[in-house]
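Please look over the structure shown below. The paragraphs after it go through its parts in turn.

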Amino acid sequence: MKKTINILVSLIMVAGLVSCNNGGNKRGNKGKGGLATNAAEKVYVAPGDHDEFYAFMSGGFSGQLAVYGLPSGRLFKVIPVFSQDPEKAYGYNEESKAMLETSYGFVPWGDAHHPDISQTNGELDGRWVFINENNTPRIARIDLTTFETAEILEIPNSAGNHSSSFVTENTEYVVAGTRFSVPVPQRDMPIKDYKGNFKGALSFITVDPKSGSMSIKFQLMMPGFDYDLSHPGRDKSHGWFFFTTYNTEEANTLLEVNASQNDKDFIAAVNWKKIEEYVNNGGGTKVPANYAHNVYNDETHSATSTMLKEVLTVNPLDVPGAVFFLPTPKSPHGCDVDPTGEYIVGNGKLSADLTVHSFTKMLAAIENKKFDGEAYGIPILKFEDVLAGIVKQPGLGPLHTEFDGKGNAYTSFFISSEVVKWKLGTWEVEDRQPVFYSVGHVMIPGGNSRKPFGKYLVSLNKITKDRYLPTGPEVTQSAQLFDISGDKMELLLDFPTIGEPHYAAGIPADIIAKNSKQIFKLSENKHPYATLTDGDARVERKGNEVHIYMTMIRSHFNPDNIEGVKVGDKVFFHVTNHEQDYDVPHGISMIGANTSELLIMPGQTETFVWYPKQPGIWPFYCPDFCSALHQEMQGYVRVSPAGSGTELKWSLGED
Amino acid sequence: MKHLMKSLAAVAIITLISCGGKEEKKNEGIQIGQKPAATETPTEEPAATTKPSETIDLTNKGVGPIKNLVLPAEIDQAMAAKGMEVYKTKCMACHKPDKKFIGPAPKDIFLRRTPEWIMNMILDPEDMIQKDPLAKALLIEFNGSPMANQNLTEEEARQVLEYFRTL
């Protein structure tokens, strides 16, 4: 009994602590543990309330893109991008299969890495998010009105599409650089002859300002280093792009030793405006290529895949003054540019210090032609001439840096497992907080743009270990949320993520939420197999193909009784959802179908194929709970033996 | 002792809920599954002798955006033709023109309902089902199958109404 009273008393105390969620009550970071700070209050989003930010987080080796809310860390949606998703029929239905076509054929999986949100004038505009696929090099564009993958472009001459997919400040280009250099064109040759023979392609992909349509403007064919990460110039350095490199040794084996020999690797500075001008004036060489361009259309609700056969390449030596190397210590990984565009941070992952280059000094050094030699004909600037400053011994294994727009930078340290806040210009360390464990990227909403929203920082961790209930040998991936609005960072929340959360892109919710589509209009449905009026629901036979033109609305299919299908037929269910109201998708699934369900949004048409294998009566139903009569949303197909004379007929509600 | 526990519990609960502060947000769109038909109070149903679908109520204007609508004497055939097209794509999956299907038939509806009631039912069925006793009773009569909001514009709904006059 006494125990019960104690529990009640504690409940009152807890209630008192959490009861007034009015914000603004900022406490210092002195306490340890939930009750001593107001961390819980800061991440609590009351039932029915909305989060302040969207966070688009890479699904890593799941190939997808996850949508979270901040500060709550709640998962809203997993957008299928590079991998099949049976929940949404992505890559399974007839309409979306083309999205996963490549020059290697249908590839059902991808490795998603770096989401980046489109920008106008260097600020997030929230129209699209781009993300790269590392394994079979591709760039995807996700439409942020539908939260669906709208386009996927394969990148030829690339392998390990890692220094991607970062956008310039008016989304003129989304850039994709190769981590693995390869022979271009691909050919049979001894691997040991790598040095001097392989190329590293840096692809500049234009984005149509209206439609978002992507097209490779040119590929800059660089020396065969590993191009690890990249970022565009901002503001004063707009027009330039910066790429970190490692393996300037051009080793082809045991890279963990052999690619770590040089005291300094490079940041490649590329004046893309200069190269664009060269290309616009007819420069560059068109070479044969073979790469897929897959486009999803919201009116036909279908994707098409086109193989492109040519790409324009540019030899950097043909455009003098366009490409320079900035020596940067020890295999730099992250390559980040501050919001003013002045500072280029190169995090030498094997270096004890952080190197920051100055854009102004770089221009002066170029102007004065103060070079320290060249690599494959590309001028190398003098380290001391371009150096803005060094953050001395901030931690071990620096990887990535983001900015808060208030003159501070936040760098992740993988080996010492911490985030370090330091000041631009003075290079002083201001704060450090441990992360659990081994952080890769960090993300501040807008933190790589001209206008960061410096309220939260998310650390995207590589190792989870004991942070959650164990789930066997494989444990969840993980992120951590920090409040960075004060002088010191405060850890607020752990939350699980899908796949490996390499990088993320955050944006204030109000920029996107107002444009989010609620339905597809039936009147705009141009799917070639749509059934737009219920009276047109029908079944047609063409040889051994049977096309079922079906409609669905709460809570029935039309038709729901179909006869005259035979073993050996190929049956197409073309199903149109006639709902025109928000959040009323319907599904359809067929017993024994060798594919996934369909999940059809209001006003949308989707198709699945079914091969009936045995005579009998075979049911189909709606797997998405749609109304009080959801259980009644079902139907039957009668399958007769091959060659039988059963008449083709269909009906709903009557015989 | 028991009393003490009870009052402590009450204090705890009150403290937990005491600082609501924010106004409740209006949930837009259909709230599937949140207000199942079974929770509707049957007491508000009209007398059981006449089916709701056969009940004649020519004064009730329903609940929704349409407060007053006077139909001109002559049917506008062009408008009715447009209405028929809208009806075919957005309504006919559940309403056959002249016989009961998922929902009631629109034929002769003006003998039973006001133009305003019909328009409001088309334009905001969720609100009607919650607030209009007749709409609520109809939901029960039609197996708890709620009328879908097909997001017609007011102009489209008016065209459909004109089409109903031709049936």
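How many cavities of 30 Å³ or more are there by this rule? The count comes to three cavities of 30 Å³ or more. A cavity here is a set of points, on a 1 Å grid over the protein atoms alone, where a 1.4 Å probe fits but cannot get out, and lining residues have an atom within 4 Å of a point. Grid points are joined across faces, edges and corners, and a volume is the space filled by probe spheres set on the points.

This is a predicted model, in which local features need pLDDT of at least 70 and side-chain atom pairs count only at pLDDT 80 or more, while totals for chains, interfaces and linings use all residues. Residues are numbered from 1 along each chain as its sequence is written, chains are lettered from A and ligands numbered from 1 in the order in which they are written, and side-chain values use heavy atoms, with hydrogens and water left out.

The largest cavity holds about 590 Å³ of space. Its lining is made of 33 residues, and B:His95, B:Gly103, B:Pro104, B:Met121 and B:Met147 lie nearest the centre. Helix H2 (77-90), H3, H5 and H6 of chain B each give two or more residues to this lining. Helices (H or I, at least four residues) and strands (E, at least two) are DSSP runs, numbered from the N terminus. H3(B) supplies the largest share of the lining, four residues.

Chain B as a whole has six helices and zero strands. Of its 167 residues, 41% count as buried, where buried means under 20% relative accessible area, exposed over 50%, and partly exposed in between (1.4 Å probe, protein chains only). The chain exposes about 9800 Å², and carbon and sulfur atoms supply 58% of that area. Accessible areas come from the Shrake-Rupley method with a 1.4 Å probe; for residues, only the protein chains shown count as cover. Among contacts (heavy atoms within 4.5 Å) in chain B between residues at least 6 apart in sequence, 76% join residues at least 24 apart.

Why is helix H3 of chain B largely enclosed by the rest of the structure? Nine of the nine residues of this helix (residues 115-123) are buried, so the rest of the structure largely encloses it. B:Trp117 and B:Met121 are among these buried residues. Helix H4 (125-131), helix H5 (133-141) and helix H6 (154-165) of chain B are what the buried residues of H3(B) pack against.

In the loop between H2 and H3 of chain B sits B:Pro97. With 21% relative accessibility, B:Pro97 counts as partly exposed. Leaving aside residues up to four places away in sequence, its contacts include B:Tyr87, B:Pro106 and B:Tyr163. The C-alpha atoms of B:Pro97 and B:Ile75 are separated by 18 Å, with the two residues 22 apart along the chain.

A:Lys236 lies between strand S15 (226-232) and strand S16 (240-246) and is partly exposed, at a relative accessible area of 45%. Not counting residues up to four places away in sequence, A:Lys236 touches A:Thr340, A:Gly341, A:Glu342, A:Phe359 and A:Thr360. A:Phe414 is in the loop between strand S28 (408-413) and strand S29 (418-423) of chain A, and is partly exposed, with a relative accessible area of 32%.

Terms used:
1 Å grid on protein atoms, 1.4 Å probe; cavity = no way out; pocket = protein on both sides within 12 Å on 5 of 7 lines; lining within 4 Å.
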